[in-house]
Amino acid sequence: MSLNSLQLKLCFSILYIVFSFFYSNSQSTNKLDSLKTLIQKTKIDTIKADHHLDIAQLLMYKNSKKVKWHIDKADSLYKISPNTVGIGNLYALNANYLYTQGSYDSSMVYIGRSSKQYLKAGDSLRAAKTNSNLAILVRVTTGDYQRLESIVNETEPIAIRYKDTSLMASFLGHRAAIAKNKGHRNIAIDLNRKEIALREALKDSTRMAQGFYAIGQLHLDLFDYKNAITSFDQGIIIEDNIGNKMLKAQLLEIKGLSQIKLKHYDAAEKNLKEAIKIAKEINQQNIVTTALTQLGYLEIERNNLIKADAYLAEAKSFMKAKNSFNVDYDYNLFKGQLNLAQNKYQAALKNFNVCEELAESNNSLTNLSFSKYYKSKALENLGNYKTALAVYKESSDAKDTLTTQFRTAQTVEQKIIYQTERKEKEIALQKKDIDILEQKAKVSNLQKLLLGLALLLALIAVYAFFQRSKRHRLEKEKAKIDLEYKTKELTTHALHLAKKNEVLSDLKNKAKAFKADADADPGYQMLIQTINFDLQDDNNWENFSRYFEEVHKDFNTKAQLQFPNITSNDLRLMSLLKMNLSSKEIANILNISSDGIKKARQRLRKKMGIDSSQSLEAIVIAI
């Protein structure tokens, strides 16, 4: 199972738990009992209705049936005694309830009604909070991040104007989601950490746990499973303390997925089963379905095909007639893999065709790449080799496009981080200048009069020196950052070149195998020649050399002066050794075998006059 196909599900899942309204934050049993007592004692309908909404909020993630009952009760009371703000709260809470039940369109409608009620009452801050929840729904139901960014830009100033820490924290979460959508995951992690810091100051444990969920999921996107599990565990500890069963179930589920990736199968099974148990208690079928599907995936990884089949069948029984993209995609991908393992190739092909259609309808290159990859395997086992090769090539193309997008996003992210850090330093320096001037302004007029001329001359000298020092420091920092950026760019380019050559070599071998099975079809020979041409394309090396020279200036000149007998091919090998790349990566870039690398190193040692007791890498790196 691909991690990437689950990333979309996890993104959807985190939004599912984040969606909550400004209404009550406390979830204590004592408060619940107190509210019930107040309802019995009061004779004022609007106050009764308010308390029913308080109770509904407390039970939101614990008992959905009771939540609906209290909302309906409040609705009937407001019809008898209308209250503008109270009805706004009713609509907001009803939107939250509908959201937890998966009725997203209806939830959007009630959010709109709630915002209108608050504006009608002249409460722009509550309207802003409602719009923050609208932003969450936009993320979940439409994926329209342009609209999301527009909502954030329009509403965030209200939070800042009112100095509403909770709302400002919410907008940090929104901006983290926007950054993630752009592929800027490190920026997103930083924004989520800032959000958690604000939530901690507010003692908002629920949203702190949600923040840890978000950070963990970002680590998952970066294949950093250990740090992901650490973040999920932090969220689980919080949820154990406050009793939010729904969020705990989802944290256990996603933690189980991370453990599968680390091959910690027993621990993963335990957490997934606990997630299912909790989800059944609170009637959250979506969590039950996804956790059962993951258990099926786990048993496929263990090669327990009978168990895997049973889990997937149980997951199917919980699925609705119309499911989310992620539920349908994951089920069919796992079921297809199971059918492949059971030699049911025609059935597997049907599953992967469904996955391919879902991926195309959602414009998901990641899922499309995996769908086509497994589809090619099914076609190959059915003997349809020519189509299998074509589909495999499409999968490889989609993967290459994703890699390019990922590299581009990383480059842009580094530029944004650099620009942000530079701006922050400039602001800090300006603030320091202002502080100095303010301190000087406190000097008495008498002191200024007595020391005026001397102080003026000293200030001029200090300011000139300070300015020169500041310029020198900024230039030095900029040069350092530029070098670090170019070094990362060089490494990225080298690894991409190595990976591209590795993929092309694998594809070449597959083409040779298909050629042998296809009675020497000339088309395969043309494909092999094309691959050979790209593997031997000097433009790839010229681009690499240009990046290398920008980072390691005059390396070739110094190397030739120090070792006159080396050739241009020796310089290529030395450049890659300078970057401390592995032998496998060097072999892929130079398009030679591992034995070829060993021989090349031996020849280079001889030309450089280095014996076996000396480190070739250390000498080259020192040049």
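Isoleucine 589 is buried, at 7% relative accessibility; buried means under 20% relative accessible area, exposed over 50%, and partly exposed in between (1.4 Å probe, protein chains only). This is a predicted model, in which local features need pLDDT of at least 70 and side-chain atom pairs count only at pLDDT 80 or more, while totals for chains, interfaces and linings use all residues. Residues are numbered from 1 along each chain as its sequence is written, and side-chain values use heavy atoms, with hydrogens and water left out.

**Isoleucine 589 and helix H26**

Isoleucine 589 sits in helix H26, residues 583-590. Helices (H or I, at least four residues) and strands (E, at least two) are DSSP runs, numbered from the N terminus. Setting aside residues up to four places away in sequence, isoleucine 589 touches Ala494, Leu497, Ala498, Asn501, Trp541, Leu576 and Leu581; contact means heavy atoms within 4.5 Å. Asparagine 501 is 88 residues from isoleucine 589 along the chain, yet their C-alpha atoms are separated by 6.4 Å. Ile586, Ala587 and Asn588 of H26 are buried, as is Ile589.

Most residues other than glycine have a negative phi. The table lists residues that depart from this pattern.

| Residue | Phi | Place | Relative accessible area |

**Helices H25 and H27**

The axes of H25 and helix H27 (residues 594-608) come within 11 Å and cross at roughly 100 degrees. Axes are lines fitted to C-alpha atoms, for helices over the stretch in contact, and angles run from 0 to 180 degrees between N-to-C directions. H25 is therefore roughly perpendicular to H27; angles under 35 degrees count as roughly parallel, over 145 as roughly antiparallel, 65 to 115 as roughly perpendicular and the rest as oblique. On the H25 side, the contact involves Asp570, Leu573, Met574 and Leu577, which meet Ala600, Arg601, Leu604, Lys607 and Met608 in H27. By class, the residues of this contact are 6 nonpolar, no polar and 3 charged. Here Ala, Val, Leu, Ile, Met, Phe, Trp, Tyr, Cys and Pro count as nonpolar, Asp, Glu, Lys and Arg as charged, and the others, Gly among them, as polar.

**Helices H7 and H8**

Helix H7 (residues 124-142) packs against helix H8 (residues 145-162) at an angle of about 155 degrees, with the axes 9 Å apart. The two helices are therefore roughly antiparallel to each other. H7 passes H8 in a left-handed crossing; a crossing is left-handed if the near helix is turned anticlockwise from the far one by less than a right angle, and right-handed if clockwise. H7 contributes Ser124, Leu125, Ala128, Asn131, Leu134, Ala135, Val138 and Arg139 to the contact, and H8 contributes Tyr145, Arg147, Leu148, Ile151, Thr155, Ile158, Arg161 and Tyr162. The contact of H7 with H8 has 10 nonpolar, 3 polar and 3 charged residues.

Serine 124 belongs to H7 and is partly exposed, with a relative accessible area of 23%. Apart from neighbours within four places in sequence, serine 124 is in contact with Leu119, Ile158, Arg161 and Tyr162. The C-alpha atoms of serine 124 and threonine 155 are separated by 9.8 Å, and these residues are 31 apart along the chain.

**Lysine 335**

Lysine 335 lies in helix H17, residues 325-341. With a relative accessible area of 18%, lysine 335 is buried. Its contacts, leaving aside neighbours within four places in sequence, are Asp309, Leu312 and Asn351.

**The chain as a whole**

The protein chain has 28 helices and 0 strands. Of its 623 residues, 46% are buried. Among contacts in the protein chain with a separation of 6 or more, 64% join residues 24 or more positions apart. The protein chain exposes about 31,800 Å², of which carbon and sulfur atoms supply 53%. Accessible areas come from the Shrake-Rupley method with a 1.4 Å probe, and for residues only the protein chains shown count as cover.
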